[in-house]
Amino acid sequence: MKWGVVAFPGSCDERDAAYAVGSVIGDDVAMLWHGDADTKGVDAIILPGGFSYGDYLRCGAMARFSPVMRAVAEHAKSGGPVFGICNGFQILCEAGLLPGALVRNRSLRFICQNVGVRVESTDTAFTAACEKGEVLSIPVKHGEGCFVASEGELERLEREGRIVFRYADGAPNGSLCDIAGVSNEAGNVVGLMPHPEHAVDPLLGSDDAVVLFRSVHAWLTKTKLRRQA
Amino acid sequence: MTAAPAMRQVDESLAIEHGLSPDEYRDILGHLGRVPTFEELGVFSVMWSEHCSYKSSRMHLRRLPQSGKAVLQGPGENAGAVDIGGGMAAVFKIESHNHPSYIEPYQGAATGVGGILRDVFTMGARPVANMNSLRFGSPDHEKTPFLLRGVVAGIGGYGNSVGVATVGGEVSFDAGYNGNILVNAFTLGIVRADRIFRAVASGTGNPVLYVGSKTGRDGIHGASLLASSEFKEESEQMRPTVQVGDPFTESLLIEACLEVLEGDDVVAIQDMGAAGLTSSSVEMASRGEVGIRLDLDRIPLREADLTPYEMLLSESQERMLLVVHKGAEERVTKIFTKWGLDCVVAGTITETGRFEAAFHGKMLVSIPAAALTDAAPKYDRPMAAPSAKLPALKLEEIPEPSDLGAELAEMLASPNLSSRRWVYEQYDSYVGANTIVHPGGDAGVVRVRETGGALALTCDCNSRYVSLDPYVGTQHAVAEAARNLYVTGARPLALSDCLNFGSPEKPHVMWQFSRAIDGMADACHAYEIPVISGNVSFYNDTQGASIPPTPTVAMVGLIADARRTASIAFPDGEAEILLLGSGEPVLEGSEYLAFRHGKTGDRPPAVDLAAERRLGELCAGLIAAGVVTSAHDVADGGLAIAISEMCLASGVGSLISLEFSGRADVALFGESGTRILVAVPAGRVTEVESRARANRVSTVRLGTTGGDTIRIRDLKADRMLVEARLETLRSRWEETLPAISHADAPEPARASAGG
């Protein structure tokens with residue numbers, strides 16, 4: 001399969017994401033430029049971490065208007081997997097492709113540490129190969145990772161099984177209900193605040209997150225079969 | 001004092017206002033054969049400032065070893081470079097940003113990071129790791145919390161946004177820095193050895209390109225007046241001379257420059273750091289023995305009414321100057337435009353050897369480039385050793401603690417020995433996907449994908465040792481840095497120095513400086529490593545008081561196989577703890593003596609560089625052979641602190657037994673060089689011991705790992721001296737820095753947030 005990794009000006013982790021799905025998983029990777037409304041026929045898209053356009057306004061508020069995001073929204077609408085990591089998660093919320101918002105950490109400080117992330121739902125493109133309840137060791141690094149949503153939205157997310165990831169030992173950033181990641185209704189669009197691209201190599205501390213990228217293979221096969229049926 | 005002198009008739013008094021001496025002004029008249037224009041006076045004042053000219057340090061710096069078989073680029077360029085095998089090179093440098101960080105901690109520290117990053121990527125290297133060395137005043141000084149929060153947030157705000165991992169550093173507190181903190185920033189980059197770029201202009205008629213942010217009024221006279229004079233009360237009013245950082249533009253500049261440098265269009269490239277447009281033009285021209293003519297009408301401006309004087313002296317950030325081959329302008333401009341950056345032809349290389357600048361058709365500046373660089377003043381400043389001797393330590397006057405367990409807890413909670421987690425968790429240490437050893441240990445370790453190896457990096461200086469004896473203290477700084485590399489499995493390659501001292505016009509400061517240089521030179525010879533880059537920061541004085549002399553050593557070492565490294569954490573299974581090396585702990589200069597008893601003694605611990613090197617080589621060899629995966633040097637706080645740090649890093653306890661010949665507090669908290677702790681699987685202890693014997697390194701079996709307590713037993717008396725639960729000690733160890741940072745003080749500028 002072929003991944004597309006979007007590079008916004010100010011993205012930091014786009015090369016690391018490409019390394020994870022390319023060198024570690026062994027899939028094909030295309031870099032997608034923010035100024036091109038073209039997804040180059042990729043099967044799945046990663047919106048990487050970083051500080052798109054400097055994040056001088058609200059995180060992700062500028063990036064959602066870039067031409068590539070029109071193509072990303074089209075891709076998502078047709079059921080294509082989209083993984084928003086950290087800044088990518090913020091962009092998906094700003095673009096209305098995911099519910100809720102990410103605001104400043106309760107400590108008001110940037111935080112970089114390794115955390116336990118519990119998989120709460122396996123009905124998404126990025127957790128299809130996981131076991132429900134398994135805890136993955138993945139680092140967080142963000143200044144605005146506190147997930148918030150209205151009570152009604154939270155209730156709905158819980159009811160529909162769209163809280164995909166929770167911090168296993170309490171949220172380091174103050175996220176409501178310890179939420180680390182959520183999905184859209186169809187499960188093809190997932191946002192995750194921790195950085196799975198930094199947990200794919202035991203030499204660098206953890207390879208727990210390899211399963212998240214591998215999940216897309218299973219998901220795509222399943223959806224293809226479903227379409228054929 | 002205002003930010004910049006106002007325009008008026010040039011005379012000696014205006015020169016003095018610019019920080020020049022009457023003698024220097026006479027020299028300027030001699031070089032030009034006429035009275036300088038207002039703009040020329042500004043140019044001379046920044047280029048002849050201590051910060052840019054190294055006029056007081058140049059004759060001393062020559063004594064440092066600067067060459068070696070691995071050196072690809074020594075001092076004198078934007079950064080130094082060493083060969084790391086496999087056709088790759090490591091490019092690195094450390095630099096100070098002390099005064100700006102004291103006046104405006106967030107922006108001062110942020111732009112310090114930005115400046116050192118530019119020094120490295122202008123060499124064509126992709127920055128892969130940052131470090132920083134920070135010194136604050138006393139924890140209970142009223143400004144310390146504000147400065148600590150602001151500096152740490154600024155370093156994180158810039159480094160995180162630019163996307164370069166911060167993998168190590170040091171933070172310490174001493175009342176000697178109350179009015180003048182130190183912020184030293186380091187960047188390491190990786191580049192193909194045959195693709196290193198330099199800042200040597202050539203080729204008459206080649207265009208000079210201005211790239212990056214627009215020029216504004218920030219930072220004017222940052223180099224000459226802020227960095228090259230003592231701090232006074234009114235220095236606070238120099239806040240406008242502090243530059244403002246834009247990490248977003250920097251990240252675009254990195255990508256765009258590296259893309260341009262992939263081609264063969266660039267002749268020379270330099271960032272506009274201190275003294276901005278002026279120094280970058282003059283230095284590139286001078287190195288290439290050519291002239292350079294700038295057309296100031298073409299400089300992109302933030303405000304339309306900037307004067308030529310301001311354009312020449314602005315230190316606006318995120319700007320670069322490139323000399324490209326004639327005809328390549330369009331190709332190069334296209335790349336910068338793609339990244340949304342300004343790129344204009346702002347000048348030409350000439351054969352006159354002069355630095356010229358024209359505005360509105362009038363030549364305002366015409367100075368021989370060499371007069372601004374090689375012919376800048378050089379001073380052999382008077383030196384004087386301190387006349388009064390410090391009183392020797394009388395051990396019997398130091399009360400022996402009755403409860404060593406309680407003493408250990410107090411020491412772990414001290415400002416200088418407590419956990420630095422509150423600091424380094426504000427830095428992204430993951431970005432780049434290369435970090436093998438994260439902050440919190442002895443050195444950061446990053447892999448080099450191209451070679452399968454790794455690089456270890458550390459910065460160190462015990463300024464209390466240097467205060468007591470600048471020669472021995474600086475040798476300790478080099479030895480500790482080397483030890484910190486060896487314990488990760490690395491062998492030292494080269495170092496970069498950041499020499500932070502008081503006013504060079506004070507004879508005792510010059511004496512400290514000169515002795516420190518001698519100590520560093522001799523230590524470098526002992527390890528056979530060169531100094532490949534660095535920075536001198538004089539005038540770290542406030543209200544007449546100089547800071548403790550602080551020659552920070554940033555050292556980089558090579559690990560042949562990235563899979564063979566060690567960290568300070570104890571391994572999971574039970575292991576034996578061995579002490580390698582024969583360092584004799586003493587209380588003189590120790591953290592214990594200073595923190596618990598308010599004394600320093602009259603000398604630092606002795607140093608034995610030959611023994612240090614044998615010990616280090618043994619340790620790196622054991623790690624490379626896969627025998628040792630857990631090692632830690634014994635430094636500040638002594639043996640008990642080093643053991644505790646290994647326990648706290650792993651969550652694994654320990655039991656050690658000691659045979660005391662003297663006082664227990666000296667054995668547990670006394671300091672020395674030449675000591676490393678290792679944890680070894682039980683079956684391999686004799687192997688370690690025989691390898692140590694072969695290397696003439698002594699070993700002592702101290703005890704074993706395991707459990708959830710730290711226990712220290714007096715072997716002869718058969719008595720437990722320390723028995724403390726690890727988690728109890730952890731909470732003491734981790735409470736201190738958050739407490740210091742949260743103290744009541746005004747908030748620094750908002751940290752950059754985002755992902």
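**Reading the cut-offs in a predicted two-chain model**

Reader: What makes B:Tyr539 buried?

Author: This is a predicted model, and the call rests on a count. B:Tyr539 has 25 other C-beta atoms within 10 Å. A residue is buried at 20 or more. So B:Tyr539 is buried.

Reader: Where is B:Tyr539 found?

Author: B:Tyr539 lies in the loop between strand S18 (531-537) and strand S19 (541-542) of chain B. Its phi is positive, about 65°, although B:Tyr539 is not a glycine.

Reader: Why is B:Glu289 called partly exposed?

Author: B:Glu289 has 14 C-beta neighbours inside 10 Å. Exposed needs 12 or fewer, and buried needs 20 or more. The count of 14 falls in between, so B:Glu289 is partly exposed. B:Glu289 sits in the loop between helix H11 (276-288) and strand S9 (291-295) of chain B. Its phi is positive too, near 50°.

Reader: How many helices and strands does chain A have, and how do you know whether it is compact?

Author: Chain A has five helices and 11 strands. Of its 229 residues, 58% count as buried.

Reader: Which elements of chain B supply the side that touches chain A?

Author: In all, 28 residues of chain B contact 32 residues of chain A. Helix H8 (144-162), helix H10 (247-262) and strand S14 (435-437) of chain B each supply at least two residues of that side. The chain B side divides into 11 nonpolar, 13 polar and four charged residues.

Terms used
Residues are numbered from 1 along each chain as its sequence is written. Chains are lettered from A and ligands numbered from 1 in the order in which they are written. This is a predicted model: local features need pLDDT of at least 70, side-chain atom pairs count only at pLDDT 80 or more; totals for chains, interfaces and linings use all residues. Two residues are in contact if their C-beta atoms, placed from the backbone, lie within 7 Å. Helices (H or I, at least four residues) and strands (E, at least two) are DSSP runs, numbered from the N terminus. Ala, Val, Leu, Ile, Met, Phe, Trp, Tyr, Cys and Pro count as nonpolar, Asp, Glu, Lys and Arg as charged, and the others, Gly among them, as polar.
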